[in-house]
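This report describes one protein chain, going from the overall fold to a single residue.

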Amino acid sequence: MGLKEEFEEYAEKAKTLPENTTNENKLILYGLYKQATIGPVNASRPGMFNMRDRAKWDAWKAVEGKSKEEAMNDYITKVKQLQEEAAAAST
C-alpha cells in the first residue's frame, strides 16, 4: 500500500475517533490534513471574530514547512496515537 492510500485509510479512521478527542488534537489533524492534501496555506487569516476558522487556519499555518509526504506521515502517526489512547481509556 502506498503512502497516499494509507493516508486516505487513516483519514477515514480519524472520523471514528471518540467524541472526547480534544480540540487541540482535532486542530493538529486538521492542519496536517490540509497540508497533506493542499499544501501551504492559500487563504488569508480569518478575522478575530471568527475564532473557529481562525484556529483552523493557525493549525494549518503551523505545519506550513512540511512536505505533503511529511504531513501524510505525521497525520497517520497522530491518528494511530489517538486510537491507542482511546483504546487504553476504554479498558
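This is a predicted model: local features need pLDDT of at least 70, side-chain atom pairs count only at pLDDT 80 or more; totals for chains, interfaces and linings use all residues.

Read from the N terminus, the order of elements is α-α-α-α. The protein chain is as compact as a globular protein of its length, because its radius of gyration of 14 Å is close to the 12 Å that the globule rule gives for 91 residues.

The table collects values for the whole chain.

| Property of the protein chain | Value |
|---|---|
| Box filled by the C-alpha atoms, along the principal axes | roughly 40 × 30 × 15 Å |
| Residues that count as buried, of 91 | 29% |
| Accessible surface | about 6000 Å² |
| Part of that surface belonging to carbon and sulfur atoms | 52% |

Among contacts in the protein chain with a separation of 6 or more, 73% come from residues 24 or more positions apart.

One residue can be followed in more detail. Tyr30 sits in helix α2, which covers residues 23-37. Is Tyr30 buried, partly exposed or exposed? Buried means under 20% relative accessible area and exposed means over 50%; Tyr30 has 25% relative accessibility, so it counts as partly exposed. Tyr30 and Trp57 are 27 residues apart along the chain, and their C-alpha atoms are separated by 9.1 Å.

Notes:
Residues are numbered from 1 along each chain as its sequence is written. Side-chain values use heavy atoms; hydrogens and water are left out. Helices (H or I, at least four residues) and strands (E, at least two) are DSSP runs, numbered from the N terminus. The radius of gyration is taken over C-alpha atoms; the globule rule is 2.2 Å times the number of residues to the power 0.38. Buried means under 20% relative accessible area, exposed over 50%, partly exposed in between (1.4 Å probe, protein chains only). Contact means heavy atoms within 4.5 Å. Accessible areas come from the Shrake-Rupley method with a 1.4 Å probe; for residues, only the protein chains shown count as cover.
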